[in-house]
Amino acid sequence: MAEVFTAFSTAIFNENARIPILSGDTYAKWKQKVLLTLGCSDLDLALRMDESPISTESSTPAAKGNYERWERSNRLGLMLIKAHISQNIRGSIPNNDKVKAYMKGIDEQFVSSDKALASTLMKRLSSMAFDRSHIVREHIMEMRDIAAKFKSLEVDMSEPFLVHFILNSLLTEYGPFKISYNT
């Protein structure tokens, strides 16, 4: 059992699971990988639980242990998060010594940027045109990928709406295909 845990916990640090530096367009991936890393490292206690009461001399050993685990999780969680935020973004996030509040500040910072991202995605989707630089299938998959990003932003992109964008992005030589689809 210990070998499985060790293999799993070290596997989160491989190239594919590396936490990207938080910048304007990496927020969703960044947050997912930060939470995964903290969870697999057993450092997410401060994110999941409220702060334990500060231990005193009269505290029970269990209460002292709970506070020490929470404090370690909070301290190391903050260190990991701050180490993966670019300097130009770090200044816009309200500083906090509690990881849960700091993460909430980051979330609030990027909620407003979701609206800007949705606008950018819509502009990109509506201006896409098939240019023969790759095959039609890849062009359609790229447009579907953009539509999937709308879903992650909780913006409704219905299938008929997407099909409309795809058909309009094709060259005029695909006219018979468009007519066939519309009928």
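A pocket is an open set of grid points with protein on both sides within 12 Å along at least five of seven lines. In this predicted model, the second largest pocket holds about 170 Å³ of space. Its lining consists of R144, A147, A148, K151, V155, M157, E159 and L162. Two elements, α7 and α8, each give two or more residues to that lining. Helix α7 contributes the largest share, with four residues.

Nonpolar side chains were examined next. In soluble globular proteins, such side chains tend to be buried together. Here the largest nonpolar core comprises 20 residues. Within this core, L22, W30, I81, I85 and I106 have the most contacts. At least two core residues come from each of α2, α3, α4 (61–83) and α6. The greatest contribution is that of α6, which supplies five residues. The surroundings of I81 illustrate the packing. Leaving out residues up to four places away in sequence, I81 touches W30, V34, L38, V99, Y102, M103 and I106. Another core, of 13 residues, lies apart from the largest one. Among its members are A118, L121, M128 and F165.

The charged end of K82 sits over the ring of Y102. The distance to the ring centre is 5.1 Å.

Aromatic pairing was then considered. The model contains three aromatic pairs. In one of them, the ring centres of F130 and Y174 are 6.0 Å apart. Their planes meet at 85°, over the 60 degrees required, so the pair is edge-to-face. Y174 has a relative accessibility of 22%, so it counts as partly exposed.

F161 and F165 form another edge-to-face pair. The centre-to-centre distance is 4.9 Å, and the planes lie at 85°. Both residues are in helix α8. They are four residues apart, so about one helical turn separates them. F161 is partly exposed, because its relative accessible area is 37%. F165 counts as buried, because its relative accessibility is 14%. F165 is also among the residues of the 13-residue core.

H139 provides a link back to F130. This histidine is found in helix α7. Its relative accessibility is 2%, so H139 counts as buried. Neighbours within four places in sequence aside, H139 contacts M128, A129, F130, H134, S169 and L170. M128 in this list is one of the residues of the 13-residue core.

Backbone geometry was examined last. Most residues other than glycine have a negative phi. D42 is not a glycine, yet has a positive phi of about 60°. D42 lies in the loop between α2 (27–40) and α3 (45–48). With 56% relative accessibility, over the 50% limit, D42 therefore counts as exposed. R132, likewise not a glycine, has a positive phi of about 65°. R132 is located in the loop between α6 and α7.

Notes. Residues numbered from 1 in each chain as written. Predicted model: local features only at pLDDT ≥ 70, side-chain atom pairs only at ≥ 80, totals over all residues. Heavy atoms only, no water. Phe/Tyr/Trp six-rings, centres within 6.5 Å; stacked < 30°, edge-to-face > 60°. Buried < 20%, exposed > 50% of the residue type's maximum accessible area, 1.4 Å probe, protein only. Lys NZ or Arg CZ within 6 Å of the ring centre and 35° of its normal. Contact = heavy atoms within 4.5 Å. Core = buried A, V, L, I, M, F, W, Y, C linked by side-chain atoms within 4.5 Å. 1 Å grid on protein atoms, 1.4 Å probe; cavity = no way out; pocket = protein on both sides within 12 Å on 5 of 7 lines; lining within 4 Å. Points joined across faces, edges and corners; volume = space filled by probe spheres on them.
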